[in-house]
Amino acid sequence: MAEVTAEMIARGRFAGEGARERRRMASRMREARERLTSSGAGNVRFDVELLRLHARSRRAAILPQGLLSLAVAAMTAHWLPATLVGIWLALAFSSLGLGGGLALRFLKHDKTEQNPRQWKTRFVLAAAIDGSAWAAFALLIRGVPSPWATAFAMVVLMLAGAIHTVVEAFVPEAVTAALIPNAMAMILYLRPRGFVDPNASLTLLVCATLFYFGALARRIYAGQIRTLGIQAEKDSLIAELEQAKANSDEARRRAEEASLAKSRFLATMSHELRTPLNAILGFSEVMKGELFGPHSVEAYRDYSSDIHSSGQHLLMLINEILDLSRVEAGRYELKEEPVSLAAVIEDCRHLLTLRAKKRGVLLSEIIEPDMPRIWADERAVRQIALNLLTNGIKFTPQGGQVTVKSGWTMAGGQYFSVRDTGPGIPEEEIPVIMSSFGRGSMAQKNADEGTGLGLPIVKGLVELHGGTFTLRSKLREGTEVIVIFPPERVMAALPQLGPAAGSPNSGKRGAA
């Protein structure tokens with residue numbers, strides 16, 4: 001379990017930095033690749049997507065542009081012979097069919113089988129032919145003497161320019177190829193003679209409008225590039241999240257396997273260790289007590305005492321490890337019953353009084369009277385109190401004091417605290433001593449006995465009761481540990497019994 005935990009911590013520590021570094025490297029490689037292989041001013045990653053957007057726009061414009069061509073031909077028939085109008089309409093439909101056919105063919109191909117440069121060249125040529133077809137309309141109506149024809153030609157070319165701007169916007173070269181023939185046709189159509197000619201103003205207006213259409217197409221193109229970039233970044237982040245999730249799932253699977261292996265190991269070794277350990281404790285106690293006669297060598301009695309105390313320490317260690325493993329695995333079953341918190345604390349204090357006197361530590365208590373019982377596991381509560389009192393006595397120097405308090409919380413729950421006048425714990429070491437097998441620097445300097453499991457077990461048992469565990473400590477001021485049981489655990493007093501004839505307890509109140 002420790003190896004898995006270390007691996008997960010290492011992954012968590014470097015995951016963010018590694019992800020950022022991968023994104024930076026990917027961005028640099030992408031930019032270098034784009035500079036080498038991108039066609040034109042575009043982005044090679046998006047060339048195919050832009051061409052597909054262009055093809056969809058061209059396909060969608062077939063019907064509107066065809067209807068516009070029919071409407072223009074019908075209105076032009078008032079000024080020109082039907083033959084000329086039919087020829088122009090055939091040219092317009094041919095250019096429209098060429099662009100639409102290329103779009104449909106492009107959309108049918110798979111993305112991996114498409115060559116962006118070749119298709120872009122085809123679309124640019126199709127746009128140039130389509131623009132030339134509309135430019136031919138201006139030259140066709142050029143000989144009509146009516147002033148309405150001039151206005152009509154300008155409107156038609158403006159509409160054609162607007163359509164090309166919207167349809168060809170995703171390929172800027174196609175916009176330019178479509179608008180240049182329109183501009184040249186209007187210049188030839190109007191043929192200004194000096195700046196005082198009214199046609200000069202119209203020519204400038206048309207050229208400015210077509211230039212605006214080109215700039216608008218560029219803005220649409222740039223906006224689409226940004227949109228595709230955001231989409232690509234989102235896809236990349238989703239891929240990284242999926243990879244991170246896969247790594248997390250794998251780490252979790254390994255952790256679960258390690259936890260299962262630990263549980264199996266503890267279940268097996270618990271029996272395998274306790275069986276010979278019981279024999280060691282029993283026979284060493286017999287030898288220490290010299291039940292079958294005195295030892296011929298006095299040192300054997302001391303050796304027997306050492307063996308017995310070491311066996312007891314080992315048994316305590318095994319029990320603590322098993323308790324902690326059950327708490328962490330959520331398999332610790334509480335045997336709940338009414339428990340007097342004050343009575344448990346008093347028993348534990350009385351049990352440890354002799355140890356406190358040997359170390360020269362004053363052990364005092366402040367217990368609020370008449371507190372009702374709580375619904376809890378008495379063995380767990382007793383273990384919590386013993387662990388905290390033992391720690392307080394162990395780390396308090398001679399002449400110090402350990403104070404036990406118990407009372408009500410503001411929320412209606414019950415608490416007890418253990419405060420000592422020891423050296424205190426540095427703030428940065430609190431997470432260490434709260435971890436399994438964690439020991440502070442003070443415990444290591446003093447070489448005190450302990451496995452580093454007492455506080456984690458206490459915290460786990462308190463949380464199993466739905467309570468809270470708080471540790472406060474300052475250097476050279478001491479340490480205070482507070483355990484709070486929630487109001488739901490407090491058993492309220494029973495209601496007063498009604499008078500009963502002949503009952504000796506009538507009128508008295510019962511307490512839970």
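The model is predicted, so local features were taken at pLDDT of at least 70 and side-chain atom pairs at pLDDT 80 or more, while totals for chains, interfaces and linings use all residues. Residues are numbered from 1 along each chain as its sequence is written, and side-chain values use heavy atoms, with hydrogens and water left out.

E5 and E7 (residues 478-485) run antiparallel and are joined by seven bridges. Two strands count as paired if DSSP finds at least two bridges between them. Helices (H or I, at least four residues) and strands (E, at least two) are DSSP runs numbered from the N terminus. On this basis the chain holds 14 helices and seven strands.

Five of these strands form an open sheet with mixed pairing, in the order E2-E4-E5-E7-E6. Strand E2 (362-367) and strand E6 (468-474) are the edges, each pairing on one side only. From one strand to the next, the twist averages 10°. E2 pairs with E4 in the parallel sense, over six bridges. Within that pair, Ile 367 has Ser 406 of E4 as its bridge partner. Strand E4 (residues 401-408) is antiparallel to E5, and seven bridges join them. Gly 407 stands opposite Tyr 415 in E5. E4 and E5 make a hairpin with five residues between them. In its turn, Gly 412 has a positive phi of about 100°.

Burial was assigned by relative accessible area: under 20% is buried, over 50% is exposed, and values in between are partly exposed (1.4 Å probe, protein chains only). Of the 512 residues of the chain, 38% count as buried. Strand E5 (residues 414-420) has five of its seven residues buried, so it is largely enclosed by the rest of the structure.

Glu 480 lies in strand E7. Its relative accessibility is 17%, so Glu 480 counts as buried. The Glu 480 side chain makes a polar contact with that of Arg 419, at 3.3 Å. A polar contact is a pair of N or O atoms within 3.5 Å; within protein, one must be able to donate a hydrogen and the other to accept it, and residues adjacent in sequence count only if both atoms are side-chain atoms. Leaving aside residues up to four places away in sequence, Glu 480 touches Ser 417, Val 418, Arg 419, Thr 470, Leu 471 and Arg 472. Contact here means heavy atoms within 4.5 Å. Among contacts in the chain between residues at least 6 apart in sequence, 72% join residues at least 24 apart.

Two loop residues other than glycine have positive phi. Asp 370, with phi near 60°, lies in the loop between E2 and strand E3 (374-377). Asp 370 is exposed, with a relative accessible area of 78%. Arg 476, with phi near 65°, lies in the loop between E6 and E7. Arg 476 is also exposed, at 73%.

Helices were compared through their axes. Axes are lines fitted to C-alpha atoms, for helices over the stretch in contact, and angles run from 0 to 180 degrees between N-to-C directions. Angles under 35 degrees count as roughly parallel, over 145 as roughly antiparallel, 65 to 115 as roughly perpendicular and the rest as oblique.

Helix H3 (residues 62-76) packs against helix H6 (residues 147-167) at about 175°, with the axes 12 Å apart. H3 and H6 are therefore roughly antiparallel. H3 and helix H4 (residues 82-108) pack at about 170°, with their axes 10 Å apart. This pair, H3 and H4, is therefore also roughly antiparallel. Residues of H3 that meet H4 include Ile 62, Gly 66 and Ala 73. Their H4 counterparts include Trp 88, Phe 93 and Leu 96.

The axes of H2 and H3 come within 4 Å and cross at roughly 40°. H2 and H3 are therefore oblique to each other. Arg 58, Arg 59 and Ala 60 of H2 meet Ile 62, Leu 63, Pro 64 and Gln 65 of H3. Among the buried residues of H2 are Val 48, Leu 50, Leu 51 and Arg 58.
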